[in-house]
Amino acid sequence: MRDVPVGHPDFGRAIPCQCKQAEIERRRLARLRTLSNLDTLQHMTFDTFRPDGIGLSEERRRNLQAAYAAALRFAERPEGWLLFMGGYGCGKTHLAAAIAHARLARGDSALFIVVPDLLDYLRATFRPNSPVGYDERFEAIRQATLLILDDLGAQATTPWAQEKLYQIFNYRYNLRLPTVITTNQSLDEMEIRVRSRLSDPALVQIVPILAPDFRHAGVDATQSELSTLALHSAQTFESFDLREGELTAAEHRNLEGALAEARRFAESPRGWLVLTGTYGCGKTHLAAAIANYQVAIGRTRPLFIVTPDLLDHLRATFSPDSVVSYDKRFEEIRNAGLLILDDLGTESATPWAREKLFQLLNHRYVALLPTVITTSNAIDQIEPRLRTRMLDATRCTVYAIEAPAYRGPGAARKGRGRGRA
């Protein structure tokens with residue numbers, strides 16, 4: 001016992017002898033190694049990871065290289081939290097395991113654990129024959145020098161499970177302990193207290209991975225059966241009609257501005273571009289022109305889809321005859337390299353439809369995935385949760401097209417001469 005005065009927190013408390021500290025630490029690391037079960041993931045190292053992917057488009061290849069670089073940086077200097085988000089088989093578990101192996105190779109400790117397994121390990125301590133108590137195991141997990149949680153969201157969402165995960169996240173959040181997390185979920189699908197910690201940009205680096213399941217390597221990953229872009233192949237920037245002689249001077253300038261904005265986005269797709277205007281004003285043409293430009297320069301083939309069709313595709317996965325699962329279809333849409341959502345607001349406004357659209361678009365908003373949206377609704381008519389995202393000028397450009405519906409070549413506006421405002 002330490003020689004401390006009465007009232008000191010360590011008074012009367014037994015502490016390990018200094019000569020036993022090294023042995024105690026070795027046993028602790030051995031227990032962590034057993035919990036991690038990293039032996040089954042020995043092949044998942046930085047050397048075996050393929051940052052160029054297999055058969056990826058240029059944009060997805062760059063995205064995977066950026067994720068690989070982020071993992072390497074974290075392995076060199078574990079600070080803050082690193083959150084890998086992506087679909088099944090995209091490589092996020094490989095990168096997380098590679099970080100663990102890299103730290104262990106340096107002689108440092110790292111606890112890699114799948115979230116459902118973590119909860120099972122905690123439950124196992126309640127058995128009468130458990131060799132370790134709950135408190136000891138819980139503290140070993142939440143105080144790990146580096147904690148790597150794989151597959152967050154795969155656990156059963158019982159109140160007990162939510163509480164344990166929150167306690168772990170909150171403890172490590174308050175102490176700023178290095179943590180790596182992988183998940184198939186979007187932030188809005190997570191328990192609200194955990195989500196609030198993962199949304200802190202001062203601590204958490206979010207790394208979305210756009211690569212498809214590596215098990216499908218060799219299949220053209222840029223193609224999607226959902227996309228209707230082929231129906232709009234003639235709608236390019238070159239074929240866009242500025243409607244000389246039909247519009248007023250103000251309307252003409254506004255339409256030129258819309259064309260310029262669409263061209264800028266096509267050159268460097270970042271954030272969101274929302275085009276509003278009446279039916280037939282040209283917003284779908286510009287959205288398709290952005291997509292066709294991306295195809296022409298060899299970037300990721302965009303997913304161009306009309307909003308009601310998107311929801312129909314999701315509903316179709318619930319059919320017993322569906323050959324694709326809901327989760328896979330949902331992931332394909334929300335992680336598309338470039339999503340172009342045409343005619344937002346024409347879908348049936350059921351609670352289910354509103355919820356799915358919010359989940360899809362909120363994920364893309366948080367993950368900074370380029371998105372183009374066309375709508376005939378004014379912004380103040382958009383569902384409030386989506387409207388707040390659209391009004392974020394740091395991530396979204398809203399352009400209102402003032403031109404009326406296109407009336408065909410040579411259709412001059414009666415009663416309005418050229419050049420009049």
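Six bridges join strand E1 (residues 81-86) to strand E5, and the two run parallel. Within E5, the bridge partner of Phe-84 is Val-207. The model is a predicted one, in which local features need pLDDT of at least 70 and side-chain atom pairs count only at pLDDT 80 or more, while totals for chains, interfaces and linings use all residues. Residues are numbered from 1 along each chain as its sequence is written, and side-chain values use heavy atoms, with hydrogens and water left out. Helices (H or I, at least four residues) and strands (E, at least two) are DSSP runs, numbered from the N terminus; two strands are said to pair if DSSP finds at least two bridges between them.

E1 and E5 belong to an open sheet of five strands, in the order E2-E3-E4-E1-E5, with parallel pairing. Strand E2 (111-114) and strand E5 (204-209) stand at the edges with a single partner strand each, so one side of each has no neighbour in the sheet. On average, neighbouring strands here are turned by 15 degrees against each other, direction ignored. Such angles run from 0 to 180 degrees between N-to-C directions, and the axes are lines fitted to C-alpha atoms, for helices over the stretch in contact.

Helix H2 (residues 58-76) packs on this sheet, touching E1, strand E4 (179-183) and E5, and its direction makes about 145 degrees with that of E5. Contact here means heavy atoms within 4.5 Å. Helix H4 (residues 115-124) lies across E2 and strand E3 (147-152), running at about 95 degrees to E2.

Another open sheet has five strands in the order E7-E8-E9-E6-E10, and its pairing is parallel. Its edge strands are E7 (303-306) and E10 (396-400), each of which pairs on one side only. Four bridges join E7 to the parallel strand E8 (residues 339-344); in E8, Leu-341 is the bridge partner of Ile-305.

Helix H8 (residues 249-267) lies across strand E6 (272-276), strand E9 (371-375) and E10, at about 155 degrees to E10. With 19 residues, H8 reaches 27 Å from its first C-alpha to its last, close to the 27 Å expected at 1.5 Å a residue; the expected span is 1.5 Å times one less than the number of residues. The buried residues of H8 include Leu-255, Leu-259, Ala-262 and Phe-265, where buried means under 20% relative accessible area (1.4 Å probe, protein chains only). The buried residues of H8 pack against E6, helix H9 (283-296), E9 and E10.

Definitions and conventions: Buried means under 20% relative accessible area, exposed over 50%, partly exposed in between (1.4 Å probe, protein chains only).
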